[in-house]
Amino acid sequence: MKKIAIIGAGASGILCSILCAKKGYAVDIFEQNTKCAKKILVSGNGRCNITNTSVSHNNYFCDNFSFVKHALELFPFTDFQKFCSSIGLELDVKNDGKVYPLSNEAKSVATLLENHARALGVHFHTDTKITEITSLFEKYDVVVVATGSEAASHLGGNTDGQKFASEFGHTIVPSYPSLVQLELNSTVHEKMSGAKVDGEVTLLINSKADVKTSGDILFTDYGVSGFAILDISQKASQSLLNFQAVDISLNLLPKYTSQSLSAYMMKLSQINQMLCFLDLLHGLLPLKIAKTLLDTLDLSYTATISTLNTKLAKKIANQILNWRFEVKDTHGFRHAEVAGGGVNTLEIHPLTMESLKQKNLYFIGEVLDVLGARGGFNFTWAWASAFTCAKDICK
């Protein structure tokens, strides 16, 4: 009987173990933590955006885009949905393509996967950290590395998989945090900590606009967070890694143009001349942001808007619609949901996930240089790469 060792009991590792055990192979899965699937449990704020119905290679960032195509096509959403139903995990498909467990709890995903694997005879070795894999080949016919990346280090994220790959001559694409908050080279953001708006963010690389996205923007004591920030964090993080100048422009009121916003303020100044500047901006934005804007523009909170002229109205509008901040860093691997970089996919067979440098050595999931966008795409890659790997092992 073929014996298989899988390092890492996360999404890709557990699915791979299930598919191999179904074929009657002896599977041992090694997990450094006391519990399996820790990243599944915290994903999606405990809800787990488990996959997406609309997936293509365009949803991924890597140096070798063609690498992901085969695996994604080999294990489409319809097949994944059938698998989930077979283990009792029903899915809730949203209109935007995001998919969650019907229970709305990430715990149901982790529990049902682990229980099904155990029922098939998979042996889980928790609290077991593998430090080298050469000796595993003395006991096992196949070794699968599913260790993930160094993202979420407090949950066990590390570079073990990259070290294992290096031992066999693989090259490593430098890793960087993604789906992560950004730290700003500023002091004013601290005054707005906790304030949130639904706005637009433009990422500027070396002073040139690169990516624009929309969504919630949350000011924090270290910088900015929110979905709009997470969506641009991949490019921001990679650019910082390459020592490029990174800035963001925040549009806090995207429903307005500069002209319409300044016209609104001028009209209001004629209707109600006793209105103060703070009340004017508080009618548009959260109080903390309104105060900080006025501080930045050196305007009095209590001064009435009877003194407002067209030039000042345009100045205020421009600050609201194009507020620029220098990004000094990301909030680090500990706070990142995922990480870019990893084992170079040019050295992995795209049809099997097997190493091109060592027979019967496989790499799946986030340990590879494959990074998905926000929206369930990283889990999609975990499932697809695990399925592709297991299919080759069990052929």
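Biologist: Which hand does the crossing of α1 and α5 have?
Modeller: The crossing of α1 and α5 is left-handed, meaning the near helix is turned anticlockwise from the far one by less than a right angle. This is a predicted model, where local features need pLDDT of at least 70, side-chain atom pairs count only at pLDDT 80 or more, and totals for chains, interfaces and linings use all residues. Residues are numbered from 1 along each chain as its sequence is written, and side-chain values use heavy atoms, with hydrogens and water left out.

Biologist: At what angle do the axes of α1 and α5 cross?
Modeller: Roughly 30°, and the axes of α1 (residues 11–22) and α5 (residues 106–119) come within 9 Å. Axes are lines fitted to C-alpha atoms, for helices over the stretch in contact, with angles from 0 to 180 degrees between N-to-C directions. Helices are DSSP runs (H or I, at least four residues), numbered from the N terminus.

Biologist: Which residues of α1 and α5 meet?
Modeller: Ile14, Ser17, Ile18 and Lys22 from α1 meet Leu113, Glu114, His116 and Ala117 from α5, with contact being heavy atoms within 4.5 Å.

Biologist: What else is Ile14 in contact with?
Modeller: Beyond its neighbours within four places in sequence, the contacts of Ile14 include Ala9, Ile29, Cys36, Ala37 and Phe124.

Biologist: Switching topic, which residues of α12 are buried?
Modeller: In α12 (residues 287–296), Ile289, Ala290, Thr292, Leu293 and Leu294 are buried, that is, under 20% relative accessible area with a 1.4 Å probe, protein chains only.

Biologist: And what follows α12?
Modeller: Asp298 does, with a positive phi near 60°.

Conventions:
Helices (H or I, at least four residues) and strands (E, at least two) are DSSP runs, numbered from the N terminus. Buried means under 20% relative accessible area, exposed over 50%, partly exposed in between (1.4 Å probe, protein chains only).
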